[in-house]
Amino acid sequence: MASFDPLLGQLVSHVHDPTRDINTIPRCSVYNSVAQTITTGGFATLNFNSEHKDTDNMHDTGSNTSRITIKYPGSYMLSVHVVFDVNGTGRRIVAIKKNGADFSGNSSEVMVNTNGGYTMFDYNRSFDFVVGDYLEVQVYHTKGSNLDVLGAASGDNQTTFFQLTWLGR
């Protein structure tokens, strides 16, 4: 059965689940309220202490704040937006982890903005997940000293966020 998905702006095919309506579709969107300082030369897992929305208790702001955990099986749209603070030196890499490990080659090097602006990374892709799978975002840089990944308090409406939206089974 195909239907129009307003979140994706396109027709999608999925198995209808009569127990889910628009208000209970599993979706989780998280962010950090402050910048997170990342040490140069090593991967760091991003923490998310705040939620825009969490309809299925997929995220906990008290423990394992880096994780979004699948509570309902199916296909999900994974979206990540990472904002590195202004600095044009070195490399930037963003990696998506599933159950603590790399999956599907989801590690990308980001072109560093050398024109005095933020370096940003955007990622959107659908995946199938089972109950208990958890996802995390890791970042890496080689600036030579600490570099911030921006949070909501950073201003300029440049906030790093991480979200999953259920698409169907």
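In the predicted model, Phe 127 is buried, with a relative accessible area of 9%. Phe 129 is likewise buried, its relative accessible area being 3%. The rings of Phe 127 and Phe 129 form a tilted aromatic pair, with 6.0 Å between the centres and 40° between the planes. Together with Tyr 76, these two residues are linked by ring pairs into a cluster.

Across the whole structure, six aromatic pairs were found. One of them joins Tyr 72 and Trp 166, whose ring centres lie 5.4 Å apart with the planes at 70°, so this pair is edge-to-face. Tyr 72 counts as buried at 10% relative accessibility, and Trp 166 is buried at 7%. Charged groups also meet aromatic rings: Arg 67 lies over the face of Tyr 134, 3.7 Å from the ring centre, and the charged end of Arg 92 sits over the ring of Phe 84, at 5.9 Å from its centre.

The largest nonpolar core comprises 32 residues, and Leu 78, Val 80, Val 82, Phe 162 and Leu 164 have the most contacts inside it. Several strands each supply at least two residues of this core, including E3 (27–31), E10 (101–110) and E14 (161–168); the greatest contribution, five residues, comes from E8. Beyond its neighbours within four places in sequence, Val 80 is in contact with residues among them Ile 96, Phe 121, Val 137 and Phe 162.

Strand E9 (residues 92–98) is mostly covered, with six of its seven residues buried. E9 pairs with strand E12 (residues 134–141) in the antiparallel sense over seven bridges, and Lys 97 has Glu 136 of E12 as its bridge partner.

Conventions: Residues numbered from 1 in each chain as written. Predicted model: local features only at pLDDT ≥ 70, side-chain atom pairs only at ≥ 80, totals over all residues. Heavy atoms only, no water. Buried < 20%, exposed > 50% of the residue type's maximum accessible area, 1.4 Å probe, protein only. Helix = DSSP H or I, 4+ residues; strand = E, 2+ residues; numbered from the N terminus. Pairing = 2+ DSSP bridges. Core = buried A, V, L, I, M, F, W, Y, C linked by side-chain atoms within 4.5 Å. Contact = heavy atoms within 4.5 Å. Phe/Tyr/Trp six-rings, centres within 6.5 Å; stacked < 30°, edge-to-face > 60°. Lys NZ or Arg CZ within 6 Å of the ring centre and 35° of its normal.
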